[in-house]
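Me: I have a structure to read and have not seen it before. Please take me through a few of its features.

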Amino acid sequence: MSKFIKGLLIRDILNRLDGNGDVIIVDSSKMDANATNTWRSELRKSDIKALSVRNTLARKALEELGVTGLEGVLEGPSTICYGGEDVVALSKEITKWAKEIEKLEIKGGAADGSALDEAGVKVLSKSPSREELLSIISGQILAPGANLAAALNGPGGTLVGQIKSHAEGEGGEEAAES
């Protein structure tokens with residue numbers, strides 16, 4: 001294959017990845033055609049794409065994106081999975097499918113430019129997603145204000161309750177005298 005053709009293929013991989021260096025690399029070569037079609041169509045529902053590539057071309061394309069350290073991962077048949085909401089959602093989906101399909105093997109991946117091995121991908125899949133992290137952070141930001149509001153409302157509520165019970169107590173004595 002000429003350098004020009006290789007350059008075209010690398011540019012095609014880069015265009016498909018669209019600047020996204022968060023990828024999971026799997027070996028789907030042992031799957032039969034029906035399982036592969038089902039797997040790819042289910043991935044598309046989650047906006048995840050799978051691209052079978054030559055390792056040298058994928059390595060060069062990923063290096064252009066700033067992803068290095070995948071030399072051990074990009075050996076043998078490789079399929080690059082990318083897309084989804086974020087890298088955590090991607091790793092959760094791929095890990096789920098690897099459990100369901102025995103012949104699908106996770107080889108590794110990359111998150112934020114750093115390489116991950118198979119164990120790293122599985123650890124990443126157990127992390128909270130972006131939305132979960134945002135809700136945790138917003139809850140932590142809002143918690144001091146909520147605690148302060150509760151502390152300020154507490155004595156006022158107690159005072160109102162005491163005044164109300166005192167007023168009801170006085171009204172009860174007047175009704176008894178009449």
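Reply: What follows goes through the sheet, a helix lying across the sheet, a loop residue and a surface patch. Note that this is a predicted model.

Me: In what order do the strands of the open sheet run?

Reply: Strands of a sheet pair through backbone hydrogen bonds, either parallel or antiparallel. Here 5 strands are arranged as β2-β3-β1-β4-β5, with antiparallel pairing. At the edges are β2 (48-53) and β5 (114-117), each pairing on one side only. On average, neighbouring strands are turned by 25 degrees against each other, direction ignored.

Me: How many bridges join β4 and β5?

Reply: β4 (residues 105-111) pairs with β5 over 4 bridges, in the antiparallel sense. Within β5, D117 is the residue opposite G108.

Me: Which strands does helix α5 lie across?

Reply: Helix α5 (residues 118-125) lies across β1 (23-27), β4 and β5. Its direction is at about 95 degrees to β5.

Me: Is D86 buried or exposed?

Reply: A residue counts as buried under 20% relative accessible area. D86 has 18%, so D86 is buried. D86 sits in the loop between β3 (78-83) and α4 (87-100). Leaving aside neighbours within four places in sequence, D86 is in contact with S129 and R130.

Me: Which residues form the nonpolar patch on the surface?

Reply: The patch consists of M1, F4, I5, L8 and L9, which together have about 470 Å² of accessible area. One of them, L8, belongs to helix α1 (residues 3-17). L8 counts as partly exposed because its relative accessibility is 37%, and that class lies between 20% and 50%.

How values were computed:
Residues numbered from 1 in each chain as written. Predicted model: local features only at pLDDT ≥ 70, side-chain atom pairs only at ≥ 80, totals over all residues. Heavy atoms only, no water. Pairing = 2+ DSSP bridges. Helix = DSSP H or I, 4+ residues; strand = E, 2+ residues; numbered from the N terminus. Axes fitted to C-alpha atoms, helices over the stretch in contact; angles between N-to-C directions. Contact = heavy atoms within 4.5 Å. Buried < 20%, exposed > 50% of the residue type's maximum accessible area, 1.4 Å probe, protein only. Patch = residues over 30% accessible without salt bridge, like charges linked within 9 Å, V, L, I, M, F, W, Y side chains within 5 Å. Areas by Shrake-Rupley, 256 points an atom, 1.4 Å probe, with all protein chains shown as cover. Salt bridge = Lys/Arg side-chain N within 4 Å of Asp/Glu carboxyl O.
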